[in-house]
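Here is a friendly walk through one protein model, meant to be read with the structure open beside you. We will look at its sheet, its pockets and its aromatic pairs.

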Amino acid sequence: MKALNLYGIQDVRYEEIATPEVEKENDVLIKVHTAGICGSDISRFGKIGSYNPGLTWGHEFSGTVVSTGSGVTSVRKGNRVTACNCFPCFHCDYCKQGAYARCTDLKVLGGHKSGAFAEYILMPEENVLKLPEKMDFSTASFIEPSSVVVHGMRQVDIKAGCRVAVVGCGTIGLLAVQWAKICGAGEVFAFDTDEGKLAIAAKTGGR
């Protein structure tokens, strides 16, 4: 299959690599339909950070289940899905507290495990999420960044009628404008130096 692999700073190669195969009973093989470019992908391209050289990158995606391991019960061939891109160890003190994002041995898709800038991706069943029937693949690729925003909204406890300020209207900021309205904010003020982004923010509920 074709895949986009990162070898070093600004060293990206579009290559032919082996298509992953189902080996474990909880494996889910997914044909990728849509993969988004995250800000962290751009950062990793320019500064690298934590990653395995030559690994396929990308982690915001959606696709269709092609095959599954013998133990998989939550999804089946033909299901439209997306997936969580983090792999906590489940053994450290933070994981035992349910604080998986603080895992001392956290692995991420596209950094430590082969990612979604490829024709196919292999994921464990516990990370795979079945999509609602009416959700298209492009919208589904925003589930992962949306979860980042929702986590932030839960930290500030927005109440009905609150005024909310969103500083910066990149992808996360524009999603924050929408989620603030969903959470009950009366007014959402969006701030950015890019008039185009501010126009989008206005269309999605910002001022």
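## The sheet

Two strands count as paired here if DSSP finds at least two bridges between them. Please keep in mind that this is a predicted model. With that in hand, you can trace an open sheet of five strands, in the order S9-S3-S5-S6-S10, with antiparallel pairing. S9 and strand S10 (128-130) are the edge strands, each pairing on one side only. On average, neighbouring strands of this sheet are turned by 45° against each other, direction ignored.

## Strand by strand

How many bridges join S3 to S9? There are five, and the two strands run antiparallel. Strand S3 (residues 27-36) has seven buried residues out of 10, so it is largely enclosed by the rest of the structure.

Towards S10, the antiparallel strands S6 and S10 are joined by three bridges. One place to look is alanine 83, which has valine 128 in S10 as its bridge partner.

## The largest pocket

The largest pocket has a volume of about 810 Å³. Its lining is made of 25 residues, and those nearest the centre are Cys84, Asn85, Cys86, Glu144 and Ser147. Helix H1 (39-47), strand S6 (80-83) and helix H4 (143-156) are the elements that give two or more residues to this lining.

Which element gives the most to the lining of the largest pocket? That is H4, with five residues. By residue type, the lining of the largest pocket divides into 14 nonpolar, eight polar and three charged residues.

## The second largest pocket

For the second largest pocket, the volume is about 520 Å³. It is lined by 27 residues, with Asp27, Lys113, Leu122, Met123 and Pro124 closest to its centre. Two or more lining residues come from strand S7 (86-87) and from strand S9 (120-124). S9 gives the most here, with five residues.

The lining of this second largest pocket is made up of 15 nonpolar, six polar and six charged residues.

## The aromatic pairs

The structure holds two aromatic pairs. In one of them, the ring centres of tryptophan 57 and phenylalanine 117 are 5.7 Å apart and the planes stand at 85°, so the pair is edge-to-face. Tryptophan 57 sits in the loop between strand S4 (55-56) and strand S5 (60-68), while phenylalanine 117 sits in the loop between strand S8 (107-108) and S9, so the pair ties together parts that are 60 residues apart in sequence. Both tryptophan 57 and phenylalanine 117 are buried.

Phenylalanine 90 and tyrosine 100 have ring centres 5.5 Å apart and planes at 65°, so this pair is edge-to-face. Phenylalanine 90 lies in the loop between S7 and helix H2 (93-96), and tyrosine 100 in the loop between H2 and S8, 10 residues apart. Is tyrosine 100 buried or partly exposed? Tyrosine 100 has a relative accessible area of 38%, so it counts as partly exposed.

Technical notes. Residues numbered from 1 in each chain as written. Predicted model: local features only at pLDDT ≥ 70, side-chain atom pairs only at ≥ 80, totals over all residues. Heavy atoms only, no water. 1 Å grid on protein atoms, 1.4 Å probe; cavity = no way out; pocket = protein on both sides within 12 Å on 5 of 7 lines; lining within 4 Å. Points joined across faces, edges and corners; volume = space filled by probe spheres on them. Helix = DSSP H or I, 4+ residues; strand = E, 2+ residues; numbered from the N terminus. Nonpolar A, V, L, I, M, F, W, Y, C, P; charged D, E, K, R; others polar. Axes fitted to C-alpha atoms, helices over the stretch in contact; angles between N-to-C directions. Phe/Tyr/Trp six-rings, centres within 6.5 Å; stacked < 30°, edge-to-face > 60°. Buried < 20%, exposed > 50% of the residue type's maximum accessible area, 1.4 Å probe, protein only.
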